[in-house]
Each structure stands twice: as C-alpha cells, then as structure tokens.
Amino acid sequence: LSLLGGLTMASFAWSGHGAAGEGATGVVQLVADVAHLLAAGLWLGALAGLGIALARPPPTPPGDRQALVAALEGFAGIGSALVATLILTGLVNMWVLVTPARLPALVTTAYGLLLLAKLALFGVMLGCAALNRFRIMPALRAAGEAPLGPLRRSLVLETACGVAVLALVAWFAMLPPPAAL
C-alpha cells in the first residue's frame, strides 16, 4: 500500500507545474516536484498515524508508553530528512516557477500571496515539529508519566496547518506562476 500511495503521490507531478518545463530544467523541475510531493505525503501521513496513536486512551502499561515514545522519536530523524527535502525542492520549484527576477511578484500576484501563505503555514508546522522534538519529547522521556495533552495539541495544530497547506496548493496550482507572466 505504501508503494502504491507513493506512486500515486508522485504521479501528481505530471498534472501540475512540474510537468510544464522543457529540457534539462524541465527534468530537474519534475524530479523536484516528485520529491516534494513524496516528502509532503510522508510528513502528513506520519502526522495522521501519530494522531491515531494519540487519540487512543492514554497508554497505562509502561511498554505501551515506551512504544509510543519510541515511535515519536523514530519519526524525528525521518522528519528532519523530510523537512530538508521539502526546503530544497521548494527552492528548486521557486527558482523555476517564480525566478529571481520575478520575486517582487510574490507580493503582487495571487499566486505569490498564496505561496507566501503556504510558507507561513509551513513555518508554523516547523515550529510545532521543533517544539515536539526538543521540548515535549524530552519531557515525556524524562517523566514517564507526563501528560500527553501538549503533544496532542501540537500535533493537531501541525496537522491543521498541513491540511491548510494542501488547500492553498490546490488553489494556487491552478494559477499561472510569476515566471509565466
């Protein structure tokens, strides 16, 4: 199922701006789009999985709580790689779709304003992820019985921002990027 999900996510690159380029730049853009979609899908999928795990009643046996903490810690390293991929591929896409010469269009076009809103939401998601990794998780690890409420609230906010990012992308993907103007 994961393989089919990944192939489905990757196929979306051929229906958007990623497939619009030509030559070497087009190939780089398409590869960046595929990697961007896969990283975003993995991050949001992991948030859904963690949300399901946290929606259950609090684990009372120590082994259950340790398994939850281990799952959260295991995602921390993967999450860092996903964030790095999203930033790198986002920069590639911005270079191609906005171009350095058209950067001022980020504040004068609907596409640019929606992209800036997406980046702001991505920043909130990064803030939540950092809070989880560097504050909440060490507290859970240290105080075995610490409440899971702060982690739940942070994951809800991070997930809500992720869903809002998807909505914005669906909107601005239908608009011409600044490079096309």
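Predicted model: local features only at pLDDT ≥ 70, side-chain atom pairs only at ≥ 80, totals over all residues.

Residues are numbered from 1 along each chain as its sequence is written, and side-chain values use heavy atoms, with hydrogens and water left out.

Thr89 sits in helix H3, which covers residues 62-97. Helices (H or I, at least four residues) and strands (E, at least two) are DSSP runs, numbered from the N terminus. A polar atom of the Thr89 side chain lies 3.4 Å from the backbone oxygen of Leu86. Not counting residues up to four places away in sequence, Thr89 touches Ala32, Ala35 and His36, where contact means heavy atoms within 4.5 Å.

## Pockets

Grid points are joined across faces, edges and corners, and a volume is the space filled by probe spheres set on the points.

The largest pocket holds about 960 Å³ of space. Its lining has 36 residues, and the closest to the pocket centre are His36, Leu37, Lys118, Val169 and Phe172. His36 is also one of the residues that Thr89 touches. Helix H2 (23-55), H3, helix H4 (110-142) and helix H5 (149-172) each supply at least two lining residues to the largest pocket. H2 gives the most, with eight residues.

The second largest pocket holds about 300 Å³ of space. Of its 19 lining residues, Phe75, Ala76, Ala129, Asn132 and Arg133 are the closest to the centre. H2, H3, H4 and H5 are the elements that give two or more residues to this lining, and H4 gives the most, with seven residues.

The table sets out the two linings by class. Ala, Val, Leu, Ile, Met, Phe, Trp, Tyr, Cys and Pro count as nonpolar, Asp, Glu, Lys and Arg as charged, and the others, Gly among them, as polar.

| Pocket | Nonpolar | Polar | Charged |
|---|---|---|---|
| Largest pocket | 24 nonpolar residues | 10 polar residues | two charged residues |
| Second largest pocket | 14 nonpolar residues | three polar residues | two charged residues |

## Cysteines and Ser154

How many disulfides does the structure hold? The structure holds zero disulfides, a disulfide being a pair of cysteine sulfur atoms within 2.5 Å. The cysteine sulfur closest to that of Cys128 is in Cys161, 6.1 Å away, which is too far for a bond. Cys128 is buried, at 6% relative accessibility, and Cys161 is buried at 7%.

Ser154 belongs to helix H5. With a relative accessible area of 5%, Ser154 is buried. Its contacts, not counting residues up to four places away in sequence, are Cys128, Leu131, Asn132 and Ile136. Among these, Asn132 is also one of the residues closest to the centre of the second largest pocket.

## Partly exposed positions

Thr99 lies in the loop between H3 and H4. Its phi is near 70°, a positive value in a residue other than glycine. Most residues other than glycine have a negative phi. The relative accessible area of Thr99 is 23%, so Thr99 is partly exposed.

Ala164 is in helix H5 and is partly exposed, with a relative accessible area of 28%. From C-alpha to C-alpha, Ala164 and Leu103 are 23 Å apart in space, and they are 61 residues apart in sequence.

## Overall build

The C-alpha trace spans about 60 × 35 × 20 Å along its principal axes. Of the 181 residues in the protein, 34% are buried. Among contacts with a separation of 6 or more, 73% are between residues 24 or more positions apart.

Conventions. Polar contact = N/O pair within 3.5 Å; in protein donor to acceptor, adjacent residues only side chain to side chain. 1 Å grid on protein atoms, 1.4 Å probe; cavity = no way out; pocket = protein on both sides within 12 Å on 5 of 7 lines; lining within 4 Å. Buried < 20%, exposed > 50% of the residue type's maximum accessible area, 1.4 Å probe, protein only.
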